[in-house]
Amino acid sequence: MGIDILQGIISIIIILGLSPLFAGLVNKQKAILTGRIGAPILQPYYDLQKIFKKETINATSSSFISRISPLINLVTLVIAAAMLPVGFWKPLISFSGDIILFAYILGLARFFQILAAMDIGSSFEGMGAAREATFALFAEPIFFFTIGSISFISGFTSLFDIYHSIELTNISYGVFIIICSISVFMLAVSECSRMPVDDPNTHLELTMIHEVMILDNSGIDLFLYQYSSYIKLFIYAILEISFFYPFSQQSYLLGILIFITGSAALTFVLGVVETIISRSKMKNIPQYLLFATAIGILNLLIYTFTK
Amino acid sequence: MENVLSILFCLSLFYVIVTSRVKAYVTVLQIQGVLLSVLLIIQVIHNFSVYGIILPITLLLVKVILIPRYINKVISELEIKRRIEPTIQQMILLPIVIVTMITIFIVSSILSKNTAMDVIPFASGFSSIVVGIYIIMFRKKLIVHVCGFLILENGIFLFGTAVASELPMLIELGVLLDVFVVVFLMGITLNRISSTFKGFEVSHLGRLKD
Amino acid sequence: MLDFFIFILLPVLSAAFCFFVKDLKTQYSISLIVALLHLGLSLLVFLGLYNTDLPTFFSTDSLSKLFLLILSNVYFWIVLVSYSYLKRPIIPKAEEAKKYYFLLLNFYLASNSAAILSNHFGMYWVAAEATTLSVSPLIYFYRNEEALEAMWKYLFLVSVGIAFAFIGILLLTLSAKGTPLEGEQLFYTTFIKNASQLNPIWLKASFIFIFVGLSTKIGIAPMHSGDVDATSNAPSPIAALMSGSLRLTALIGVMRIYQIIRPTSSSEFARTILIIGGLLSLFFVFVYMFKVKNFKRMLAYSSVEHLGLITLGLGIGGLAFVGALYHSIFNSITKIILFLMAGNIRHNYNTREVLKVRSVLNFMPKTGWLFMIAFLAISGIPPLGLFFSEIKIFEGILFSDKPYILALVMFFLLFIFINMGKAIFNMLYKNGDGEQQSYKSEKFEFSHFIAIALLILLTCIAVFSPNILFENIINIAKDFGIIL
């Protein structure tokens, strides 16, 4: 019991500590692939440090929502992180049915961010909020259809149990997992506002989705938003990497190795995708998201009718 | 293993529905050709015969090399623009396809209770047939119609393996030859159409009416 | 093996010959010899004087004997007329098309014979698709925009339709699961023997797919548009070939699956489908005939009508079945005359519009009279063949379990006759504005000779009604399990 809690706490610390590093890695990969030297890998830490020192100014028209929203954002993401199994360790919060909580706790974070964006009263932020809400509508089924289909097959409803039921030795299960991981990858791309759904680097108001919502935040608020977005990216990365753990043989060395190579490979894939793909048109994004949902539905269909 | 290939086949169908480039259609045709040949090769491995290897090789040759190359040649010769020009909103077709697929899967699983058959290749093959028809219905470019026809043919092939119909080699080869000649003739016709009508879209074909 | 050589290999060889020898006259004579041999042998086979010995996938029965004879008859006359047709001064663009004319015709004969003689659904499919391939370049003979569009539509629609028929064939395999036929090849003969054991759901599905798929090729409504476009824009001999033989080749596929489904519990279902298909075709033609603009298109629609009538007869069964088979013979012969004469008119007036063709009887009396007789024949006026077969079909409908269909059929046919007659008599008699009445004597052309010969043939078959033909048709009806 004690070990479990300890492992869970260590997991959270790993997630919270390494998430900016992951973002830095992605940026570095992208820079190298486009032929630049790029910022150092630790740049996100410096950024956070810099923002942290700045003064917090809120818009005069804003209400208490704007002040509590960044904090709620971080707290919900920490809770979500606490539900995620890192490696073979049991997470801090784990009960059957926790995939629903996981999905909606992320939904809560988004909800408050949208509220805060509208609270400021700027038309820009309102537009961003509207876009975020629209695309969230399409993104949510992806999670339920992919994770839901695995949970349907394995018969478990807790993230920890679901991942532990995966056997890569079975070929058809293996292909199934690979397809699920494509779907999760597409979800990650949209949730973490990367290309081709959103361009994290652009500051052109016409094209922004996520970035536009935090335009008016500064200081500690911006720090909280930024940090939680790093955590979100890492959460999805772990969700993706966890598919490939050899859960049947619990060797720690192998686990650590897979964690490191998996993260590196994922950063590489993200980097490559962002290099070769341009941001798609706003009207094509729902289609992109629907495609991921379709993959989830296909998985569900195929597993329902195989027996 | 057949199920795995069918899953990949369905994925290629989804891709072909969302993509808006003509070249992507040709790539999908190649991928489907490879999948079908792998399917055949697996069957040959189970009960090996030198005679049985002829069909997969011919299939690979025709569906992966000859036909896609020919279509690519037609595309580059006619300087067809890369957009596919849908007649309905791109966004609408994907939900339609998803609903159709769900229906097909459910219906075929109900039907499989009476007859012994592999539900997944059966339903995937049938979905491919329907998707081929959707492509013919909802796209303007004639070359895309040819691709839709070939996707339909591929679906029939997958469907054939699902119902475990073993046609004689001679006839299978004849079918392949026919399909190839159809595509060849269609290519020549397209060539003529583009030089006669200065375009290659369905809207140019409206002279014949009652 | 001689039969296989003459029916299938010889046309292929002759096609190859036509590919290498560019001289039109040589090509013509070779093709004519092949056609003659084909006709002779199929006549011998039909008369029972020659016992066939075909390799695997091929065999003959009463049905294929009859249809083979129809094919070689139509083909022979078409080849005979082709040379004089090609010699006409036509637009220079078509010169290029002449080179491939006989090549494709020979190829058409080979694939068509293979389709009719096939004993295996797969073989039938391959051959039927090959007939589409051989005939579609011929549609684009005149090298104009309409012909090009017609060729594309025909090629595409029929290819998709035939692909559907292939699904039907696969479903037939599925229907054999769990019966002694499982794992057997798709030979008609074995399937017909064990038909009652087949799974009815899949058998019905198979029938629908094959019927709908092939109806693009037969030209049964609502899938008739590609076929009508092609027939109306193809050169006249090809149009006659399509109406007279290609549609029947597609029909034989439907008849095979119908033969399988007859003894089973799904028989009633198949009958209903055939009847609906036939009535729908009649209805479409009925609607079209009110707005005739193009006389070749009108003839193409007339083919839809008659094929619809044949399908209806097959569906009704009994005496109507016999009538339908007679009808397919008479229709194929009459269509040759009609299309050849229409070709002459088109050549002379250089238009296909009904309104622009005036006083044909004055300008080209021979063509005009023959055209009129052929029109009377196709409308079922005695003693010209189609009268007898139509009467048989009507009688069959009247004494079947669905006599009310007769009223509908009569109603449609009456209006089709009136409207078609209106268009044709306008073409033949009505004088154009401000034209002086000049009676030109028309040169006696080869096509007139053929038309007269065919009219004599038509009347002879109808009046003398050869016993061997009657026996053959009765045998077919027996094969289908039809009680007369």
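Student: Hi! Before we dig in, what ipTM and pTM does the model score?

Tutor: Hello! This is a predicted model, and it scores ipTM 0.93 and pTM 0.90.

Student: And what pLDDT does chain C average?

Tutor: Chain C averages a pLDDT of 89, and 98% of its residues score at least 70.

Student: Let's stay with chain C, then. How many helices and strands does it have?

Tutor: Chain C comes to 19 helices and 0 strands. Its radius of gyration is 22 Å, close to the 23 Å that the globule rule gives for 484 residues, so chain C is as compact as a globular protein of that length.

Student: What box do its C-alpha atoms fill?

Tutor: Roughly 75 × 55 × 40 Å, taken along the principal axes. As for burial, 59% of the 484 residues of chain C count as buried.

Student: Is α5(C) largely enclosed or largely open?

Tutor: Largely enclosed by the rest of the structure, because 18 of its 19 residues are buried.

Student: Now the nonpolar core. Which residues have the most contacts inside the largest one?

Tutor: Ile143(B) and Ile139(C), in a core of 336 residues. Helix α6 of chain C, residues 145-175, gives this core its largest share, with 22 residues.

Student: What does Ile139(C) touch, not counting residues up to four places away in sequence?

Tutor: Its partners include Ala147(C), Ala150(C), Met151(C) and Tyr154(C). Further along chain C, Ile139(C) also touches Ala230(C), Asn233(C), Ala234(C) and Ile238(C).

Student: Switching to chain A: what do its helices and strands come to?

Tutor: Chain A has 10 helices and 0 strands. Its radius of gyration is 19 Å, close to the 19 Å from the globule rule for 307 residues, so chain A is as compact as a globular protein of that length. Its C-alpha trace spans about 60 × 45 × 40 Å along the principal axes.

Student: What share of chain A is buried?

Tutor: Buried residues make up 45% of its 307 residues.

Student: How much of the contact within chains A and C comes from residues 24 or more positions apart?

Tutor: Counting contacts with a separation of 6 or more, such residues account for 78% in chain A and for 80% in chain C.

Student: OK, interfaces. Which chains share the most contacts?

Tutor: Chains B and C, of the 2 pairs of chains in contact. That contact takes 33 residues from chain B and 33 residues from chain C. On the side of chain B that touches chain C, α6 (142-162) and α7 (169-197) of chain B each supply at least two residues. There α7(B) gives the most, with 13 residues.

Student: How does that side of chain B split by class?

Tutor: It has 20 nonpolar, 8 polar and 5 charged residues.

Student: And what about chain A against chain B, how many residues are in contact?

Tutor: There, 16 residues of chain A are in contact with 19 residues of chain B. The elements giving two or more residues to chain A's side are α7 (171-191) and α10 (285-306) of chain A. The most comes from α10(A), with 12 residues. By class, that side of chain A has 13 nonpolar, 3 polar and no charged residues.

Student: How far apart are the nearest C-alpha atoms of chains A and C?

Tutor: They are 19 Å apart, and the two chains do not touch.

Student: Last topic, Ser109(B). Where does that residue lie?

Tutor: In helix α4 of chain B, residues 90-111. Leaving aside neighbours within four places in sequence, Ser109(B) is in contact with Phe305(A) and Val119(B). The C-alpha atoms of Ser109(B) and Val119(B) are separated by 5.9 Å, with the two residues 10 apart along the chain.

Student: Why does Ser109(B) count as partly exposed?

Tutor: Because Ser109(B) has 18 other C-beta atoms within 10 Å, whereas a buried residue needs 20 or more and an exposed one has 12 or fewer.

Definitions and conventions. Residues numbered from 1 in each chain as written. Chains lettered and ligands numbered in written order. Predicted model: local features only at pLDDT ≥ 70, side-chain atom pairs only at ≥ 80, totals over all residues. Helix = DSSP H or I, 4+ residues; strand = E, 2+ residues; numbered from the N terminus. Contact = placed C-beta atoms within 7 Å. Nonpolar A, V, L, I, M, F, W, Y, C, P; charged D, E, K, R; others polar. Rg over C-alpha atoms; globule rule 2.2 N^0.38 Å. pLDDT = per-residue confidence, 0-100. Core = buried A, V, L, I, M, F, W, Y, C linked by C-beta atoms within 7 Å.
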